[in-house]
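Welcome, and thanks for taking a look at this one. Here is a short briefing to read alongside the structure.

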Amino acid sequence: MSSPIKFLAQKHRKQTVIIAVIGSIYALSSWILNFDSFSGFTAVPKAFTWLGVNFSPTSESVELLPRIWQKLIETVALAVSSTVVAAIIALFVAILGSKATGINNYVHVIVRGIASFFRNIPLVAWAMILLFSFKQSDFTGFLALLLMTVGYLIRAFMEIIEDEASETMMALKATGASYFQVIFQAVLPQIMPSLISWVLYMIENNVRDATLVGILTGTGIGFIFDLYFKSFRFDAVGMTILAIIIVVIVLEVLSNQIRKVIL
Amino acid sequence: MLEVKHLTKSYQKDKPALTDISFSVEPGNFLAIIGPSGAGKTTILRSLNQLIKDDDGQILLDGSDIRSDNKSQLRKHRRQIGMVFQNYNLVERLTVIENVLHGRLGYKSTLAGMFGIYSEEEKKEALELLDKVGLKDFALQRCSELSGGQKQRVGIARSLIQHPKVILCDEPIASLDPASSHTVMHLLKQLTIEFNIICVANLHQINLAKKYADRIVGIRQGKLVFDEESSMLSEEILETLYDQSISKELE
Ligand SMILES: Nc1ncnc2c1ncn2[C@@H]1O[C@H](COP(=O)(O)OP(=O)(O)OP(=O)(O)O)[C@@H](O)[C@H]1O
Ligand SMILES: [Mg+2]
């Protein structure tokens, strides 16, 4: 009966090999990139000092706050609206596509494919593609965020439905309830907390991403960030970044509070 | 009366999960199905309300075959068959009374059911049934806040409000401690007699099956091995089911 011992020894060896492989991949890639690990790391504090000196908001940049604030609100609104619309679309599609509630396995595979397609095109690529059709406008940003978020949420919602609602669904089906009764009385109430939790998470993410998209579409906080940056007003850029960080943190705290209440 | 005739099912080709299962139960009777893990007990039970589509045979409820139902006939049959699950399968986020009222969905129009609109009589009956299963004061509590035994009693109330001819229980006490197990089994037995229902339960506890069931059916590798009055069940018969002595279990 030496097999468990052999198994553990093998497992140990495997772990060593894995660590060695990761180490050599790192070494190889830094060699390819001409990336000198040591001087790379020592440069980090220097970079931060430079940042601290040049990007510190001054009294002048404080005067810009109302304008920054207005643009920030626009950006948050963009993130929230695109996420909410995406969530509604994703919920419908996920119900049609999930293994538990869906039409059939073909639809399931197709929906998974579509979701993965939307999810795996980088946000920046979406924005740049959409710029051709919709020019620089809030709508372009809205659509780019929407499409990517739909991709994420469809997959998340399908998995939530399959994990959390299958058992109660079966119980209601057994009482003779019809399909729509089962969806409304069992599936939706059962998955609601996880669903809201995901939507909040996507809103947090999309506020950050909306900033990035704004640089491309020339809207919201991204636009003035870009503007200040290109006109070398680094103190104003610092102010903008600070404002973004504060809003993101506030949103995170807020959504954690909401989660605590609903879960 | 519930009659099962020559029920057959295989999930994969040449690997029969059920072969030629036949038995019948009269109203007011409690039938226990026992057998080792993977024998096919769940498959039988879920075939009885067609949650699983079996391959061949007949399932007659008062003479009409559930297997040949179209969609709306199946819905009418299903509402006469309550089901109680090992994991209770309640909507945890909803209140106790909402979960009980779910048992009425099969009788409602799609729209009324979707939005959970119930009549006064239905609500009153839900409260009476909660009283009957000993949960009178829990009506407005969220199901997630109940103990396992309490959840199972909500599940039983949900099936009773269907006015069922049959209640199917798939290991109703497998997740419960001994005391709650007895409460639940006692309740099922008592309701079977009081409402003149057919109760079919998959059980792993042979002593409880003997104590509460009127008849016991043994399943092994998809085949019916015995069908006995529970008082007649002997050690020799049980050995044919499990391949080992289980006299300890019987004590
Ligand atoms: N969905 C499925 N797909 C394929 N095979 C299945 C499926 N469900 C059950 N089986 C097989 O059918 C057989 C009977 O399973 P079943 O669940 O009815 O057993 P059981 O008697 O209820 O067991 P347990 O006491 O463990 O609940 C098993 O061999 C199982 O592997
Ligand atoms: Mg089973």
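Into which domains is chain B divided? Chain B splits into domain 1, made of 1-80 + 165-180 + 194-251, and domain 2, covering 90-163. Please keep in mind as you read that this is a predicted model. The points below go from the domains to the chain contact and then to the ligand.

**Domains of chain B**
- Taken over C-alpha atoms, the centres of domain 1 of chain B and domain 2 of chain B are separated by 26 Å.
- Where these two domains meet, domain 1 of chain B supplies 11 residues and domain 2 of chain B supplies 12 residues to the contact.
- About 930 Å² is buried between domain 1 of chain B and domain 2 of chain B, with 53% of it on carbon and sulfur atoms.

**Domains of chain A**
- For chain A, the domain assignment gives domain 1 as 4-54 and domain 2 as 60-262.
- The C-alpha centres of domain 1 of chain A and domain 2 of chain A are 33 Å apart.

**Where chain A meets chain B**
- Between them, chain A and chain B bury about 2100 Å², and 59% of this lies on carbon and sulfur atoms.
- On the chain A side, the residues that lose the most area to chain B are A:Thr175, A:Gln181 and A:Gln185, which together account for 28% of what that side buries.
- The contact draws 20 residues from chain A and 30 residues from chain B.

**Surroundings of ligand 1**
- The residues around ligand 1 include B:Tyr11, B:Ala17 and B:Pro36, the run from B:Ser37 through B:Gly38, B:Ala39, B:Gly40, B:Lys41 and B:Thr42 to B:Thr43, and also B:Glu171 and B:His204.
- By type, this shell around ligand 1 is made up of 4 nonpolar, 6 polar and 2 charged residues.
- Helix H1 of chain B (residues 41-48) gives the most to the shell around ligand 1, contributing 3 residues.

- From the backbone, an N or O atom of B:Gly38 sits 2.8 Å from an oxygen atom of ligand 1.
- The side chain of B:Lys41 has an N or O atom 2.7 Å from an oxygen atom of ligand 1.
- For B:Thr42, a polar side-chain atom is 2.6 Å from an oxygen atom of ligand 1.
- Ligand 1 would expose 640 Å² if taken alone, and the protein buries 57% of that.

Methods: Residues numbered from 1 in each chain as written. Chains lettered and ligands numbered in written order. Predicted model: local features only at pLDDT ≥ 70, side-chain atom pairs only at ≥ 80, totals over all residues. Heavy atoms only, no water. Near = heavy atom within 4 Å. Polar contact = N/O pair within 3.5 Å; in protein donor to acceptor, adjacent residues only side chain to side chain. Areas by Shrake-Rupley, 256 points an atom, 1.4 Å probe, with all protein chains shown as cover. Helix = DSSP H or I, 4+ residues; strand = E, 2+ residues; numbered from the N terminus. Nonpolar A, V, L, I, M, F, W, Y, C, P; charged D, E, K, R; others polar. Domains from an automatic or database assignment. Contact = heavy atoms within 4.5 Å. Buried area = accessible area lost by both parts, 1.4 Å probe.
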